[in-house]
Amino acid sequence: MRLYLAVIALIVFADQLTKFWITSSFSLYDSQVVIPGFFNLVYVTNKGAAFSMFASVESPLRHYFFVSINIIAFLGLSVAAFTMRRDHLFYRLSFALIAAGALGNVIDRIRHGAVIDFLDFFFGSYHWPAFNVADSSICVGVAILFIVNLLDLKKKKT
């Protein structure tokens, strides 16, 4: 469990530190070109879920729903990691990355009422929604979990 907790602490620290830097260095909706035609730093907020889904829903329940979902996800992943603490290292690592992302974003929702996003990638007319370290952690964790599951399924078939 030390690895699980260390990964969570490291990711949440990096996530909150980068968000602090953005909020103290940029005004809301400011943008700075880092790599022309490919990458900007921006300061935007997201009251919704991934890719701003449900952000336009004007209900106080939206906030409590997303806070609750993030907390439930964090707790569920922590229970799963504890249950599997002697099993595959990569399962625990993926759970830690996903849980850290959920925790980083729930901290934003509680502190700011929305998630702070600042990484803005695009190529030509294709523009990816802005995201943050916590979102990246969730994506990497899900990718690791997917790959480990595929490899485990392949082992079981042979």
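This is a predicted model: local features need pLDDT of at least 70, side-chain atom pairs count only at pLDDT 80 or more; totals for chains, interfaces and linings use all residues.
**View 1. The whole chain, for orientation.**
The chain has four helices and four strands. Reading from the N terminus, these elements come in the order α-β-β-α-α-β-β-α. Of the 158 residues in the chain, 37% are buried. Take the contacts between residues at least 6 apart in sequence: 65% of them join residues at least 24 apart.

A pair of aromatic rings is described by the distance of the centres and the angle of the planes. There are six aromatic pairs here, counting ring centres within 6.5 Å. In one of them, the centres of the Phe-39 and Phe-121 rings sit 4.5 Å apart with the planes at 25°, so this pair counts as stacked. The cut-off behind that label is planes under 30 degrees apart. Phe-39 belongs to strand S2 (residues 39-46) and Phe-121 to strand S3 (residues 115-123), so the pair ties together parts that are 82 residues apart in sequence. Are the two partners buried or exposed? Phe-39 is buried, at a relative accessible area of 12%, and Phe-121 is partly exposed, at 28%.

**View 2. Tyr-126 and Trp-128, a tilted pair.**
Here the ring centres of Tyr-126 and Trp-128 are 6.2 Å apart and the planes stand at 50°, so the pair is tilted. Trp-128 has 35% relative accessibility and therefore counts as partly exposed, since that value falls between the 20% and 50% limits.

Asn-40 is part of strand S2. Its relative accessibility is 10%, so Asn-40 counts as buried. What does Asn-40 touch, once residues up to four places away in sequence are set aside? The list is Ser-31, Gln-32, Val-33, Val-34, Phe-118, Leu-119, Asp-120 and Phe-122.

**View 3. Phe-123, an exposed phenylalanine in strand S3.**
Phe-123 sits in strand S3. With a relative accessible area of 63%, Phe-123 is exposed. Phe-123 and Phe-39 are 84 residues apart in sequence, and their C-alpha atoms lie 8.5 Å from each other.

**View 4. Tyr-29, a positive phi in a loop.**
Tyr-29 isn't a glycine, but its phi is positive, at about 75°. You'll find Tyr-29 in the loop between H1 and strand S1 (31-35). Tyr-29 is exposed, with 62% relative accessible area.

**View 5. Helix H1 against helix H3.**
Helix H1 (residues 2-25) and helix H3 (residues 89-112) have axes that come within 8 Å and cross at roughly 35°. The crossing of H1 with H3 is right-handed. Sorted by class, this contact holds 15 nonpolar, three polar and five charged residues.

**View 6. Helix H1 against helix H4.**
The H1 and H4 axes are 8 Å apart, and the two helices pack at about 145°. On the H1 side, Ile-11, Ala-14, Asp-15, Thr-18 and Lys-19 meet Val-133, Ala-134 and Ser-137 of H4. That contact splits into four nonpolar, two polar and two charged residues.

**View 7. The largest nonpolar core, and another one apart from it.**
The largest nonpolar core has 16 residues, and Tyr-4, Ile-8, Leu-77 and Phe-95 touch the most other members. Two or more residues come from each of H1, helix H2 (60-83), H3 and H4. Which element gives the most to this core? H3 does, with seven residues. Zooming in on Leu-77, and leaving aside neighbours within four places in sequence, its contacts are Tyr-4, Phe-95, Ile-98 and Ala-99.

**View 8. Ile-144 of helix H4.**
Ile-144 is in helix H4 (residues 133-157). Neighbours within four places in sequence aside, Ile-144 is in contact with Phe-90, Leu-93, Ser-94 and Leu-97. For Leu-93, the C-alpha to C-alpha distance to Ile-144 is 8.2 Å, across 51 residues of sequence.

Definitions and conventions
Residues are numbered from 1 along each chain as its sequence is written. Side-chain values use heavy atoms; hydrogens and water are left out. Rings of Phe, Tyr and Trp (its six-membered ring) pair if their centres lie within 6.5 Å; planes under 30 degrees apart count as stacked, over 60 as edge-to-face and the rest as tilted. Buried means under 20% relative accessible area, exposed over 50%, partly exposed in between (1.4 Å probe, protein chains only). Contact means heavy atoms within 4.5 Å. Axes are lines fitted to C-alpha atoms, for helices over the stretch in contact, and angles run from 0 to 180 degrees between N-to-C directions. A crossing is left-handed if the near helix is turned anticlockwise from the far one by less than a right angle, and right-handed if clockwise. Ala, Val, Leu, Ile, Met, Phe, Trp, Tyr, Cys and Pro count as nonpolar, Asp, Glu, Lys and Arg as charged, and the others, Gly among them, as polar. A nonpolar core is a set of buried Ala, Val, Leu, Ile, Met, Phe, Trp, Tyr and Cys residues joined through side-chain atoms within 4.5 Å.
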